[in-house]
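Please keep the sequence and the structure in view while reading.

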Amino acid sequence: MPEAIPRPSARILLADDLDRVLLFHGFGSARSPARWLTPGGGVRPGEPLNAAAARELREETGLVVAPEEFGPVVAVSSGHWTSDDGRRFLASDSYFFLRAPEATVDVSGMEQLERSLVTAFHWWPLDDLRTTTEHIVPLDLATLLEPLLAGELPSEPVIIPWHHEEPAQ
C-alpha cells in the first residue's frame, strides 16, 4: 500500500447566536457519499493552525476573524482517506470553536474546486443534529457541541473518532 500523504486541516465549529452550527453539504466522490462538514480545510506548510482556520473561514464564509480570536483547539480527529485519483492521505483534523452572532455566509471566496463540491450550506440546531440520518462529520457532533455551546471549553482537545471505518492495512 502506498505511503499516506500527511494532510493537516483546521476546521471550525461555527455557532451562531441561536446555538446552531454551520455545515456545508457535498464533497461526495466515487469513493465516498456526500456528507455535511464544518468549514475548514488544509493547512499550508509552515502555517499556524489558527491562521489556517482564519483563512479557511474567510474563503468559505466571507467572515473575517483574526487568527488570535480563535481559542484553543477543542477537538482532534485523524484517519485515512483516498482521493479519486488513488492518492492515500492521513488527515489530522484540528477543530476550533467560534461564535459568530448573525453571521451571513458568502461562499464567493471559495476556491473553484470547493465551489464545485459544495451543494448547500445550513445552520443546524442541536436537536436536528441528534436526529438526522444525514452523514455528519465529525461523528456525534451534537455531543461535542453541547458543552461548547454552554461555554465549557475542554482543558485538552477531545479526541473524536474518524468519520468512517479505516480500510484494512
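A nonpolar core is here a set of buried Ala, Val, Leu, Ile, Met, Phe, Trp, Tyr and Cys residues joined through side-chain atoms within 4.5 Å. The model is predicted, and its chain holds four helices and nine strands, which follow one another along the sequence as β-β-β-β-α-β-β-α-β-α-β-α-β.

**Nonpolar cores**
- The largest nonpolar core has 22 residues, and those with the most contacts inside it are Leu 13, Leu 23, Phe 97, Leu 129, Leu 141 and Leu 145.
- Among the elements that give two or more residues to this core are strands E1 (5-15), E5 (73-82) and E6 (88-99) as well as helix H3 (126-131), while H4 gives the most, with six residues.
- Leu 13 touches, beyond the residues up to four places away in sequence, a set of residues including Val 21, Val 74, Phe 97, Leu 141 and Leu 145.
- A second, separate core of 21 residues includes Phe 24, Val 43, Leu 57 and Val 105.

**Helix H1**
- Helix H1 (residues 49-61) has 13 residues and reaches 18 Å from its first C-alpha to its last, close to the 18 Å expected at 1.5 Å a residue.
- The buried residues of H1 include Ala 52, Arg 55, Leu 57 and Glu 59, and just after the helix Gly 62 takes a positive phi of about 85 degrees.

**Chain as a whole**
- Of the 169 residues, 44% count as buried, and the chain exposes about 9,000 Å², of which carbon and sulfur atoms supply 55%.
- Among contacts between residues at least 6 apart in sequence, 67% join residues at least 24 apart.

Notes:
Residues numbered from 1 in each chain as written. Predicted model: local features only at pLDDT ≥ 70, side-chain atom pairs only at ≥ 80, totals over all residues. Heavy atoms only, no water. Buried < 20%, exposed > 50% of the residue type's maximum accessible area, 1.4 Å probe, protein only. Contact = heavy atoms within 4.5 Å. Areas by Shrake-Rupley, 256 points an atom, 1.4 Å probe, with all protein chains shown as cover. Expected span 1.5 Å × (residues − 1).
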